[in-house]
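Okay, thanks everyone, let me get this up on the screen.

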Amino acid sequence: MFYSEKLKKFQNLKHCFFSRKNGVSKGYYESLNCGLGSRDIKKNVLKNLELVSNKINCNKESLITLNQRHSTDVIYFEKKEDVKNRLYGDAIICKEKNIGISILAADCAPILFYDPINKIIGCAHSGWKGALHGIIENTVKKFNDLGTKNENLIIAIGPCINKNNYEVKKNFFNNFISKDKKNESFFDKIDEENFRFDLRGFINNRISNLDIQNVENIEIDTFEQKEFFFSYRRSCLEKQDDYGRCISVILMT
């Protein structure tokens, strides 16, 4: 379990970037796999989600996950009647108290947001595709629509894959360069066909471009820390046919 020092300062908030530890799943999914989209035994995933809801102090029905698709879609819960589980999207913004909104990740970055002035929480799932196409900007825009000023927004970026372990091909590199030549700075060239990509650096740059300064990074590499985190990329290299997902949650009381 990992926490943001910035978010811990608020007594009306509960949050956590959960590790893979202290759950009931077995095999590839050992042990706190919270991904209902994985091939894990469903009752084990549901038990893991119940363990998380108990730890974060909300009813298990009030722990909300998304059906994530690397999209730029943002879900907004203004009141209890709006709250639904497993909607399609990659970010949630919520004004309602005692609703645990969450993100699942296995190398992608879970991002938690808080506006302490207007009492609004948010979370977003940002892999390379979401970051490149605007999930961060869309999430912040929704906060802005609700009255949030960017200088008041607090953002915590959780554990994700480190650049040293994120090797990509030239077509991946070209995707970013075709959007903006300046994106080249987030790549280290290995040879003519292979590069290393700095996902965390790219995400921080997108946030900085929005004039948001109150940002904290939980600088942990999910690929390297096998004991603590699931990793999609590590599972591929180990020729496993599936992988677990870690959960990150924020809740307002």
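So, let's start with the backbone. Asp 211 sits in the loop that runs between α6 and β14 (215–217). Keep in mind that this is a predicted model. Asp 211 isn't a glycine, and yet its phi is positive, about 60 degrees. Buried or exposed, then, for Asp 211? Its relative accessible area is 58%, so it's exposed, the cut-off being over 50%.

Asn 57 also has a positive phi, about 65 degrees, and again it's not a glycine. You'll find Asn 57 in the loop between α2 and β2 (63–64). Its relative accessibility is 51%, so Asn 57 counts as exposed.

The peptide bond leading from Glu 30 into Ser 31 is cis, with omega near 0 degrees.

Okay, on to the rings. How many aromatic pairs does a search of the whole structure find? It comes back with 22. Let me show you two of them.

Take Tyr 166 and Phe 197: the ring centres are 5.5 Å apart and the planes are at 70 degrees, so we call that pair edge-to-face. Tyr 166 is in the loop between β10 (154–157) and β11 (167–169), while Phe 197 belongs to strand β13 (residues 194–197), so the pair ties together parts 31 residues apart in sequence. Both Tyr 166 and Phe 197 are buried.

Then there's Phe 176 with Phe 202. Here the centres are 5.1 Å apart with the planes at 80 degrees, so that's edge-to-face. This one links helix α5 (residues 170–179), which holds Phe 176, to helix α6 (residues 199–208), which holds Phe 202, so it ties together parts that are 26 residues apart in sequence. Phe 176 and Phe 202 are both buried.

Now zoom out a bit.

Arg 245 lies over the face of Tyr 243, at 4.1 Å from the ring centre. And Lys 21 lies over the face of Phe 228, with 5.3 Å to the ring centre.

That's my tour, happy to take questions.

Methods
Residues numbered from 1 in each chain as written. Predicted model: local features only at pLDDT ≥ 70, side-chain atom pairs only at ≥ 80, totals over all residues. Heavy atoms only, no water. Phe/Tyr/Trp six-rings, centres within 6.5 Å; stacked < 30°, edge-to-face > 60°. Helix = DSSP H or I, 4+ residues; strand = E, 2+ residues; numbered from the N terminus. Buried < 20%, exposed > 50% of the residue type's maximum accessible area, 1.4 Å probe, protein only. Lys NZ or Arg CZ within 6 Å of the ring centre and 35° of its normal.
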